[in-house]
Amino acid sequence: MTKAVLKTRELSVKFGGVTAVNKVTIEAHENELVGLIGPNGAGKTTLFNLLTGVYKPTSGEVVIDDGDQLVNINQLPPYKRAQLGIARTFQNIRLFKSRTVVENVLIAMTAKNRPYVVQAMLRTPSFYKKEAQNREKALSLLEIFGMTNVADELANNLPYGQQRRLEIVRALATTPKILFLDEPAAGMNPQETQALTELIKQIQVQFKITIVLIEHDMNLVMAVSERLYVLEYGKVLATGTPKEIQNNPAVIKAYLGEEG
Amino acid sequence: MDKAHIKYTLSWATLTLMIIILIFVMTMFGIIGPYGMTTIVLIGINLIAAVGLNLVIGMSGQFSLGHAGFMAIGAYATALIVTSVPTIFGFIISLFVGAILSGIVALIVGIPTLRLRGDYLAIATLGVSEIIRILIMNFKITRGPAGIFAIPAFVNWQVVFGLGVLSIIIVVNLVRSPTGRAIIAVRDNEIAAESLGINTTKYKVIAFVLGAILAAIAGGLRASFIQSVSPQDFTFMQSITILIIVVLGGIGSISGTVLTAVALGILDVVLQNFGSLRMVVYAVVLIIVMLFRPQGLLGRSEFSLKKMLFDSGGDHDKGRSKDA
């Protein structure tokens with residue numbers, strides 16, 4: 001088996017008296033596509049927020065593989081985690097709405113590029129050159145996802161499916177090692193979901209990154225995931241391949257309730 | 001730099017030059033008297049402060065009510081240095097000292113307070129501004145509530161005009177660079193910006209510090225032009241005066257700020273014949289604009305010479321602002 005790029009050990013978070021995530025130990029491997037499912041309120045998004053740094057855990061730890069050593073990223077703020085190669089999309093779309101599509105991608109490239117403030121102030125020829133190069137890079141990324149024709153549209157004016165797509169492109173522009181997708185198919189029609197399925201598979205192959213996916217659309221999850229974790233009441237209920245999960249009695253019970 | 005950029009930079013330069021010549025000619029023929037000249041200088045000073053504030057409020061989206069405090073730092077730096085070194089050299093040094101001091105204060109204040117949001121940040125910056133004013137009122141060196149008089153004058157309209165153009169160029173060039181894109185990203189969606197590896201506090205602080213530096217320069221110019229400073233010049237109302245320019249012009253539009261600074265300055269001149277009715281008319285104008293253009297005169301858009309003169313379409317670099 002390939003090495004793990006992301007691990008959690010007994011990760012827990014409490015909000016007042018509620019333990020939203022309870023001693024969760026999971027791992028994701030290199031170039032693996034991991035699905036995270038569970039009924040509403042199971043703690044999936046909370047777990048995502050713990051992994052990406054929006055919340056700090058009450059106990060336990062999050063570890064990522066940075067080159068050849070394992071780094072504990074428990075205390076790092078989200079932007080530092082992003083710089084270490086963690087990218088994410090959001091359940092409720094969070095684009096920079098007043099900016100164009102290509103600018104959204106350019107903003108995502110800021111953290112990885114050296115800033116050129118002096119050149120920008122003086123508008124030297126090298127500034128224009130660098131700007132053109134960055135734009136070129138952003139456009140070529142958009143081209144992979146068939147979005148060059150809308151590059152200069154305001155992000156706010158894109159149709160819903162395209163906005164979701166742009167969020168993924170923007171996350172990829174940070175050149176991540178791990179991509180977290182939080183319900184990417186939410187609000188999509190079957191055609192859009194089908195296109196998304198293709199897209200996620202394409203990203204995994206083309207960018208060679210680890211993808212962790214939260215999704216309620218079972219067709220999508222089962223089609224793309226190599227391994228699944230099932231969460232219930234903040235705990236890992238089961239793990240396995242999509243087939244194993246589909247036949248797991250505990251999972252069926254969690255989703256459909258007790259028989260009889 | 002390709003041809004389009006040169007062409008477009010030249011057209012802005014031409015426009016600026018035309019305004020300079022216009023002011024010269026109007027002075028020569030006596031259309032602009034001493035009072036008119038004073039108005040032009042005060043417009044320029046307000047403009048520099050307002051452009052700085054628009055960077056903070058409009059671009060980085062942080063609602064600051066403390067601009068007067070930073071103006072006070074610049075004004076007192078100039079007042080103190082120029083009274084002891086009454087040369088043009090001393091004046092230039094004093095502007096730098098004021099700007100650096102103000103930047104440092106903004107840095108110290110900004111790092112903790114810029115984590116606050118909305119109303120909380122507004123109250124915190126207001127508090128900082130008041131603290132600066134009260135310190136100035138109580139320090140011996142700043143001569144308490146009476147302030148400092150007989151400051152040598154080194155400011156004429158050419159100096160203010162030049163610095164006005166310079167501050168606009170600095171702000172516009174910053175906004176249209178990767179740094180500016182990051183600042184705007186923080187305004188548009190802080191959580192998303194942070195998830196992309198952008199250190200949101202850093203970019204908010206950059207905008208805040210640069211805003212404070214411009215405020216200090218405006219304060220320094222004002223001190224040397226009016227030739228006196230006192231703590232009463234930098235109360236909450238001064239922050240509001242600058243804020244009105246930004247809000248009326250359009251939060252996030254530099255050309256809107258320029259337009260409003262000039263328009264309000266001219267309105268002031270027109271209204272001086274109305275005596276005490278002046279403040280009423282001023283208020284009515286503000287209310288009318290806010291009723292019909294709540295997003296400000298220009299909203300977030302910029303006045304673009306490129307679009308007017310040679311619209312090439314599809315070019316991502318929009319027009320640059322001007323001074324007047």
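Let's begin with chain B, whose secondary structure comes to 13 helices and zero strands. Please keep in mind that you are looking at a predicted model. If you follow chain B along its sequence, the pattern reads α-α-α-α-α-α-α-α-α-α-α-α-α.

A compact globule with 324 residues would have a radius of gyration near 20 Å, and chain B has 20 Å, so the two agree. Inside the chain, 50% of the 324 residues count as buried. Among contacts in chain B between residues at least 6 apart in sequence, 80% join residues at least 24 apart.

Now turn to chain A. Here you will find ten helices and eleven strands. The radius of gyration of chain A is 19 Å, close to the 18 Å that the globule rule gives for 260 residues, so chain A is as compact as a globular protein of that length. Its C-alpha atoms fill a box of roughly 75 × 40 × 40 Å, again taken along the principal axes. Buried residues make up 40% of the 260 residues in chain A. For contacts in chain A between residues at least 6 apart in sequence, the share that joins residues at least 24 apart is 69%.

The strands of chain A are worth a careful look. Six of them form an open sheet in the order E7-E8-E9-E4-E10-E11, with mixed pairing. At its edges are strand E7 (86–88) and strand E11 (235–240) of chain A, each of which pairs on one side only. On average, neighbouring strands of this sheet are turned by 20° against each other, direction ignored.

Strand E4 (residues 33–37) and strand E9 (residues 210–214) of chain A run parallel and are joined by four bridges. To see one partner pair, look for Leu33(A), whose bridge partner in E9(A) is Ile211(A). A helix belongs in this picture too: helix H10 (residues 249–256) of chain A packs on the sheet, where it touches strand E10 (227–232) and E11 of chain A. The direction of H10 makes about 130° with that of E11(A).

Next, let's see where the two chains meet. The contact takes 26 residues from chain B and 29 residues from chain A. On the side of chain B that touches chain A, the elements giving two or more residues are helix H6 (157–175), helix H7 (178–188) and helix H8 (190–195) of chain B. Which element gives the most to this side? That is H7(B), with seven residues. By type, the residues on this side of chain B divide into eleven nonpolar, eleven polar and four charged.

Finally, look inside. The largest nonpolar core has 162 residues, and those with the most contacts inside it are Val105(A), Leu213(A), Ala49(B), Met71(B) and Ile217(B). Helix H9 (residues 200–226) of chain B gives the most to this core, with 17 residues. Leaving aside neighbours within four places in sequence, Met71(B) is in contact with Ala49(B), Ala215(B), Ala216(B), Ala218(B), Gly219(B), Phe234(B) and Gln238(B).

Methods
Residues are numbered from 1 along each chain as its sequence is written. Chains are lettered from A and ligands numbered from 1 in the order in which they are written. This is a predicted model: local features need pLDDT of at least 70, side-chain atom pairs count only at pLDDT 80 or more; totals for chains, interfaces and linings use all residues. The radius of gyration is taken over C-alpha atoms; the globule rule is 2.2 Å times the number of residues to the power 0.38. A residue is buried if 20 or more other C-beta atoms lie within 10 Å of its own, exposed if 12 or fewer, and partly exposed in between; C-beta atoms are placed from the backbone. Two residues are in contact if their C-beta atoms, placed from the backbone, lie within 7 Å. Two strands pair if DSSP finds at least two bridges between them. Axes are lines fitted to C-alpha atoms, for helices over the stretch in contact, and angles run from 0 to 180 degrees between N-to-C directions. Ala, Val, Leu, Ile, Met, Phe, Trp, Tyr, Cys and Pro count as nonpolar, Asp, Glu, Lys and Arg as charged, and the others, Gly among them, as polar. A nonpolar core is a set of buried Ala, Val, Leu, Ile, Met, Phe, Trp, Tyr and Cys residues joined through C-beta atoms within 7 Å.
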